[in-house]
Amino acid sequence: MKRLTYILTLLLIAVMSEAQELSENSRISLLTCTPGEELYARYGHTAIRVVDATQGWDVVFNYGLFSFEDSGFYWHFMQGQTWYELGVESYEAFMYEYRYTHRAVAEQVLQLDYAQRQQLWTALLENAQPENRKYLYNFVFDNCATRPYHMLKHVLADTIVSTYKGWEGASYRDFIHHYTRHGSWAEFGIDLIFGHKADRSVIGEGRLFLPEELMYYISQSYLPNGQRLVENERLTPFMIKPVPWYGTWYVGIALFSLVMVWLSFYDRHRGKRTRWVDITLYVLYGLMAALLIFLIFFSIHPLVSLGWRVFLIPFIHLCTRYIYIWR
């Protein structure tokens, strides 16, 4: 299936490259897709749509393609060396997945003149060539949202001015918590490996690694002559489902604490230590330490560093075991 998709993409690019020029009736839009259930889809998605009724084209340029089946995908992901690529497909094919998963797609038609549309079109086709389509993905600096923005910014000669403030000054961690859902185990897992670097404030364009932030930023953007960048739009706010209280990591940690307290009292009462519990936890700590050492010293993930959250479970474990067993 992947090979067939690749061949069809190449054929589509070849056909469009032959014509080269858009017609005066063309239009270019920014598409923003609402979050999905999978962890990698929790932040939404961004793509560029090009419609040219005269040429019979309605295509989407999607910078978010990757495959779990690629050789060494998970090893490269651990290293922070995941290669994404730009894919080109029909608008209907692009929308099929989002309709199937009931995810909304917002569209913002950009108010570009013909020369700007043509320049962006040419740049997109150049990016889509086999030798150019792959790029080294970075969650906060180079992803499916930043790529379209920088393409647009290049075409407009860096003249975009936005009045959108949003969560100006919020940290990377604040944004991550919001989109992974406050209190979720995904949030807890991310906090284990994201240390103090994730607490830096994000200002201005730094927030545009997030599709929803980019959508609002573009919605309130203007050119030097005061003209709005967006001609018309249909925005869809992201609806982040709250985590039920019983499914939060807070409750899980509280239950873990209670179990460890009970186990310590039980061991003290019978005068014998349940060693397999401690050994299991020590093994988990060792694996976690090895993972953190690898991520900090041998990967290029930008937000990974040592933070206090990684010590939370060991602290609870040791306090409950040694306070109640050996005092």
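This is a predicted model: local features need pLDDT of at least 70, side-chain atom pairs count only at pLDDT 80 or more; totals for chains, interfaces and linings use all residues.
Reader: How many bridges join β2 to β3?

Author: Five, and the two strands run antiparallel. Two strands pair if DSSP finds at least two bridges between them, so five bridges are enough for β2 and β3 to pair. Residues are numbered from 1 along each chain as its sequence is written, and side-chain values use heavy atoms, with hydrogens and water left out.

Reader: What do β2 and β3 form, and how many residues are between them?

Author: They form a hairpin, with four residues between the strands. Gly56 sits in the turn and has a positive phi of about 80°. Further along, Val50 stands opposite Val59 in β3.

Reader: How many helices and strands does the secondary structure come to?

Author: It comes to 11 helices and nine strands. Both are DSSP runs numbered from the N terminus: helices are H or I with at least four residues, strands are E with at least two.

Reader: What is the order of the strands in the open sheet?

Author: There are seven strands, in the order β6-β4-β3-β2-β1-β5-β9, with antiparallel pairing. What makes β6 (134–136) and β9 (230–234) the edge strands is that each pairs on one side only. Neighbouring strands are turned by 25° against each other on average, direction ignored. For such angles, axes are lines fitted to C-alpha atoms (for helices, over the stretch in contact), and values run from 0 to 180 degrees between N-to-C directions.

Reader: Which strands does helix α4 touch?

Author: First, helix α3 (residues 91–100): α3 lies across β1, β2, β3, β4 and β5, running at about 115° to β4. Helix α4 (residues 114–127) packs on the sheet too and touches β1, β2, β3 and β4. Its direction makes about 55° with that of β3.

Reader: Why is β3 said to be largely enclosed?

Author: Seven of its nine residues are buried, so the rest of the structure largely encloses β3. Buried means under 20% relative accessible area, exposed means over 50%, and partly exposed is in between (1.4 Å probe, protein chains only).

Reader: At what angle do the axes of α4 and α5 cross?

Author: They cross at roughly 135° and come within 9 Å. That makes α4 oblique to α5. The cut-offs: under 35 degrees is roughly parallel, over 145 roughly antiparallel, 65 to 115 roughly perpendicular, and the rest oblique. The contact (heavy atoms within 4.5 Å) involves several residues, including Leu120 and Ala123 of α4 and Met151 and Leu152 of α5.

Reader: How many residues of helix α5 are buried?

Author: Seven of its 10, which leaves α5 mostly covered. Among the buried ones are Pro148, Tyr149 and Leu152. The cover includes β1, β2, β3, β5, α4 and α8.

Reader: Which residues of the largest nonpolar core touch the most other members?

Author: Of its 40 residues, Val50, Phe61, Leu152, Ile218 and Leu229 do. β1, β2, β3, β4, β5, α4, α5 and α8 each supply at least two residues of this core. To be a nonpolar core, a set must hold buried Ala, Val, Leu, Ile, Met, Phe, Trp, Tyr and Cys residues joined through side-chain atoms within 4.5 Å. Leaving aside neighbours within four places in sequence, Leu152 is in contact with Leu110, Leu112, Leu120, Ile160, Ile218 and Leu229. A second, separate core has 18 residues, including Phe175 and Ile190.

Reader: Is Asp158 buried or exposed?

Author: Asp158 is exposed, because its relative accessible area is 53%, and the cut-off is over 50%. Asp158 is found in the loop between α5 and β7 and has a positive phi of about 60° although it is not a glycine. Most residues other than glycine have a negative phi.

Reader: And Arg181, is that one buried or exposed?

Author: Arg181 counts as buried, because its relative accessibility is 15%. Arg181 lies in the loop between α6 (172–180) and α7 (185–193), and its phi is positive, near 85°.
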